[in-house]
Amino acid sequence: AIQPDGKIVLAGGAGYPQEKFALARFTANGSVDTGFGKQGKVLTDFGPVSDRALTVAIAPDGKIVVGGYYNGRQTGDLIWSDSALARYNPDGSLDDSFGKRGKVMTIAGNYVDEIHDLAIQSDGKIVVAAYTGAYEEGESLDFSVMRFLDSGDLDSGFGKGGRVITDLGAEDGANAIALQNDGKILLAGG
């Protein structure tokens, strides 16, 4: 994501064997922004196994919103992923006014729930595109869209408890999101 001042924020995962949300910020000329986090980098731990950030956006107030997943549940040999959001202040510190100390974790699918893209509405609400469902025989992944309030709580006025799940057939999931000027939400994926 590119901030209004031209600085570039990247999100992903770092660390082995327990991966964490990883952010890095660069100045407009491509050098590491040492004023962000610790020497330009921020690591955020969500769960006991591993976490990965898959999308990042800059809010109108300059805060940084990151979405992805954390592996927080285990059944036998299988480790299931759940949605994870984090919001950071412009300096890279977690925003304590969001969720629990800057982090939100949501279990919604049978086993898998991952945020793949997000957009921020002009009112500060966060809309995310996700996969939800199970990888087991007879079950499938589905398109999912969730909306969160500025506080990090699911927006109960949106869909069912803050989420809409759409089954388009076999395996499908939302990879991208866009907000139209009329407030409608577009999802793309496969």
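Which residue takes a positive phi in the hairpin of β12 and β13? Glycine 183 does, with a phi near 90°. The legends below refer to a predicted model.

**View 1. The hairpin of β12 and β13 has five residues between its strands.** Glycine 183 belongs to this hairpin and has the positive phi near 90°. Strand β12 covers residues 174–179. Strand β13 covers residues 185–189.

**View 2. Strands β12 and β13 pair in the antiparallel sense.** Five bridges join the two strands.

**View 3. The protein chain contains 13 strands and zero helices.** From the N terminus on, its elements run β-β-β-β-β-β-β-β-β-β-β-β-β. The radius of gyration is 16 Å, close to the 16 Å that the globule rule gives for 190 residues, so the chain is as compact as a globular protein of that length. Its C-alpha atoms fill a box of roughly 50 × 45 × 30 Å along the principal axes.

**View 4. Of the 190 residues in the protein chain, 46% count as buried.**

**View 5. The protein chain exposes about 9,300 Å².** Carbon and sulfur atoms supply 51% of that area. The chain carries 17 positive and 26 negative side chains. The centres of these two sets lie 7 Å apart.

Note on methods: Residues are numbered from 1 along each chain as its sequence is written. This is a predicted model: local features need pLDDT of at least 70, side-chain atom pairs count only at pLDDT 80 or more; totals for chains, interfaces and linings use all residues. Side-chain values use heavy atoms; hydrogens and water are left out. Helices (H or I, at least four residues) and strands (E, at least two) are DSSP runs, numbered from the N terminus. The radius of gyration is taken over C-alpha atoms; the globule rule is 2.2 Å times the number of residues to the power 0.38. Buried means under 20% relative accessible area, exposed over 50%, partly exposed in between (1.4 Å probe, protein chains only). Accessible areas come from the Shrake-Rupley method with a 1.4 Å probe; for residues, only the protein chains shown count as cover. Lys and Arg count as positive and Asp and Glu as negative; His and the chain ends are not counted. The place of a charge is taken as NZ of Lys, CZ of Arg, CG of Asp or CD of Glu. Two strands pair if DSSP finds at least two bridges between them.
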